[in-house]
Amino acid sequence: MNPVLNGVRAALRDREMERGPGSLVKELRHWRLAAEDGIAWLTLDRAGESANTLSEEVLIELNEMLSTVMETGARALAIRSAKVSGFAAGADIREFRGITDAATIEERLRQAHRVVDRLAGLAIPTVAVIHGHCLGGGLELALACRFRIALPDAKLGFPEILLGLHPGLGGTFRLPGLIDPFQAMTMMLTGASVYAGKAKRLGLVDAVVEERHVAAAVEAVAAGRLKSGAQHWKVNAFNLSLVRRFAAKRMRAEAEKKAPARHYPAPSRLIALWEEHGAEQDTLQDAEIRSFAELLTGETAQNLIRVFFLREGLRANGKGESGMSHVHVVGAGAMGAEIAALCAARGLRVTLADLDAKALGKAIRTASTFYDRKLHARIERRDALDRLMPDLAGDGVARADLVIEAIAEKTEAKRKLFEAIAPQLKPGAILATNTSSIPLDTLREGLPHPERLVGIHFFNPVTKMDLVEIVSHDRADDEVLNRARAFTGSIGKLPAPVKSSPGFLVNRALTPYLVEAFLMLDERVAKETIDRAATDFGMPMGPIELADRVGLDIGLEVARSLRQAFPDEVPEVPGWLAAKVEAGELGAKSGKGLYDYDDKGRPKKAEAGEPPADAADRLILPMLNTCVRLLREGVAPDADTIDGAMIFATGFAPFRGGPLHYARSRGIDEVVATLMRLEERYGPRFAPDEGWRTLRAES
């Protein structure tokens with residue numbers, strides 16, 4: 001993968017699409033209509049945006065363009081995008097924020113449906129030419145065309161469920177009416193996208209062609225030589241209500257495991273729509289509109305839309321050029337191996353150093369497995385492995401633009417490593433530590449260029465966790481921090497800027513949650529019951545299992561260091577935890593920790609009992625209290641950074657919009673009063689932080 005060539009290709013493709021075929025017939029703000037050999041080419045180019053979205057104005061203009069198309073007497077209509085990024089990313093989510101009036105949404109949706117239905121009802125052949133992302137409303141627009149032609153890089157899907165919604169522009173009936181309804185429901189319920197090849201196998205697209213063959217494929221549609229794929233035979237089978245009822249019961253059970261209806265109503269709403277109506281447009285269309293409007297104005301969807309913008313805000317931190325092409329990673333353990341694998345997958349040259357040749361070999365195998373799973377083309381997998389070089393001698397340090405230390409969480413070991421490698425760094429190279437809790441003020445001592453040291457703290461597992469903390473200290477160079485954030489963005493992560501302080505942001509906020517769970521174990525509350533209190537609140541995993549997944553040895557080290565730094569904030573860690581670590585019972589990675597694990601890494605759990613009435617507050621409110629303290633101390637720049645970091649690093653119940661947003665929604669006075677009651681019963685660790693007063697004043 002050559003970034004320069006890719007850039008040239010992208011620029012050429014952009015120019016080609018902007019020019020468009022044939023002669024210009026009409027141009028509006030977002031659409032251009034050209035004609036060639038009786039074929040109307042309608043190109044979407046959302047003004048002022050890098051990606052196409054379907055705003056209200058875009059759809060109004062589309063309606064006008066459809067009138068013009070019919071006036072020209074065209075024998076076929078091709079719709080495509082002028083954006084290099086893709087066909088269309090769906091609805092303009094900015095128009096969804098803060099909406100409370102369902103009736104207004106219903107009316108706007110009905111207007112949008114009339115436009116899309118008009119496209120679907122045109123007498124001439126219509127074809128969507130799809131490249132890049134074709135998601136949500138963009139896919140619904142494509143489904144309204146009689147044919148769909150995809151380029152090999154096309155990626156199609158319905159991610160609405162991730163926003164607490166379901167498709168709202170006809171997707172609930174057009175997709176199950178075209179492909180295997182079970183596959184259609186799976187796509188909509190999971191939000192998973194499919195690439196062009198799989199889309200063709202599903203019958204979602206009619207042909208996959210290279211850009212140079214697009215005009216010929218559209219001509220084949222116009223001439224009747226390309227036949228639209230037949231409706232999947234299962235569509236008729238699922239028209240039987242009894243068959244749908246049986247399948248819906250199974251879908252509902254699976255959805256409940258991953259997204260309980262009490263927290264995430266959209267999956268159960270979508271299943272109910274399909275179970276009741278099948279793919280019958282006449283009855284389902286109205287039900288889809290009403291259901292979508294009700295969901296959109298609900299608390300869950302509005303909070304998940306908030307989470308979407310939290311992600312966008314963190315992603316914006318990673319814009320810019322890092323100037324990095326070679327990354328050297330020191331330490332081929334679980335973290336270092338995945339950091340190296342990810343960087344190589346993203347096109348960077350990587351050297352991975354370790355004193356243990358076996359560890360390096362294992363790291364390369366780990367990378368190969370990751371590439372097999374995530375990189376779709378054989379040549380991409382081969383190239384990624386070619387870029388990842390084991391470096392037993394550590395020679396890559398002198399050539400690297402960025403050196404990332406990912407060794408054991410021991411201050412002295414890290415200092416000695418820095419002393420050895422700092423003199424080898426080339427001019428302008430950045431030295432980064434992946435420490436999870438050690439203040440950088442401690443690690444920078446003795447460095448010849450302390451301003452070039454930065455914290456780049458990944459979370460485990462690196463390839464799955466989106467957040468990365470970019471840790472500054474009072475001698476860090478601003479340019480170094482900017483480059484570190486840009487590097488993080490370039491490998492697809494979300495950089496959260498934080499100041500150096502023990503535990504930084506995420507671990508400091510998470511530790512009271514974990515330690516409180518340990519204290520509840522001391523009170524003989526069953527571990528399954530403790531975990532249930534957290535998952536009932538909406539956490540993806542309870543604190544007991546989470547501690548096992550993180551590793552009890554790592555959790556113990558972090559808890560001890562934070563207890564030493566903040567004795568009033570973090571309670572004493574029970575002695576039995578250290579005994580478990582000394583006995584080698586480290587959690588999931590050793591097969592035994594607070595839970596025992598089977599050979600597939602699953603915890604062996606007894607049935608959970610009913611949690612004590614105050615269990616969830618005992619676990620969650622110390623986390624909120626610490627988040628307020630972090631905001632007051634300036635460890636994080638703002639509340640949104642804290643909310644985003646806790647969601648994307650710990651999975652804090654997304655439907656609640658983040659810990660500080662949840663506190664505001666619940667009521668700050670009520671949260672403070674509850675903390676005071678817990679303080680009276682359990683001790684000073686629950687004492688409300690003085691930062692609550694500031695938060696109350698700002699709310």
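This is a predicted model: local features need pLDDT of at least 70, side-chain atom pairs count only at pLDDT 80 or more; totals for chains, interfaces and linings use all residues.
**View 1. The whole chain.** The chain has 29 helices and 19 strands, which are DSSP runs (H or I of at least four residues for helices, E of at least two for strands) numbered from the N terminus. Its radius of gyration is 27 Å, close to the 27 Å that the globule rule gives for 699 residues, so the chain is as compact as a globular protein of that length. That radius is taken over C-alpha atoms, and the rule is 2.2 Å times the number of residues to the power 0.38. Of the 699 residues, 55% count as buried; buried means under 20% relative accessible area, exposed over 50%, and partly exposed in between, with a 1.4 Å probe and protein chains only.

View 2. Most residues other than glycine have a negative phi. Asp37 is not a glycine, yet has a positive phi of about 55 degrees. You will find Asp37 in the loop between S2 and strand S3 (39-44). Phi of Arg524 is near 70 degrees, again positive in a residue other than glycine. Arg524 sits in the loop between H20 and helix H21 (527-537) and is exposed, with a relative accessible area of 79%.

View 3. His30 has its place in the loop between strand S1 (23-27) and strand S2 (31-36). At 1% relative accessibility, His30 counts as buried. Leaving aside neighbours within four places in sequence, His30 is in contact (heavy atoms within 4.5 Å) with residues including Thr43, Asp45, Arg46 and Glu57.

**View 4. The surroundings of His232.** Look for His232 in the loop between helix H8 (214-222) and helix H9 (233-237). His232 is partly exposed, with a relative accessible area of 23%. Not counting residues up to four places away in sequence, His232 touches Leu178, Ile179 and Asp180.

**View 5. Aromatic pairs.** The structure holds 8 aromatic pairs; rings of Phe, Tyr and Trp (its six-membered ring) pair if their centres lie within 6.5 Å, and planes under 30 degrees apart count as stacked, over 60 as edge-to-face and the rest as tilted. The rings of Phe370 and Tyr371 have centres 5.7 Å apart and planes at 50 degrees, so this pair is tilted. Phe518 and Trp576 form an edge-to-face pair, 5.8 Å centre to centre with 80 degrees between the planes. That pair links distant parts of the chain, with Phe518 in helix H20 (residues 506-522) and Trp576 in helix H24 (residues 575-582). Phe518 counts as buried at 5% relative accessibility, whereas Trp576 is partly exposed at 26%.

**View 6. A cis peptide bond.** Most peptide bonds are trans. Here, a cis peptide bond joins Asn460 and Pro461, with omega about -5 degrees. Pro461 lies in the loop between strand S17 (453-458) and strand S18 (467-472).

Conventions
Residues are numbered from 1 along each chain as its sequence is written. Side-chain values use heavy atoms; hydrogens and water are left out.
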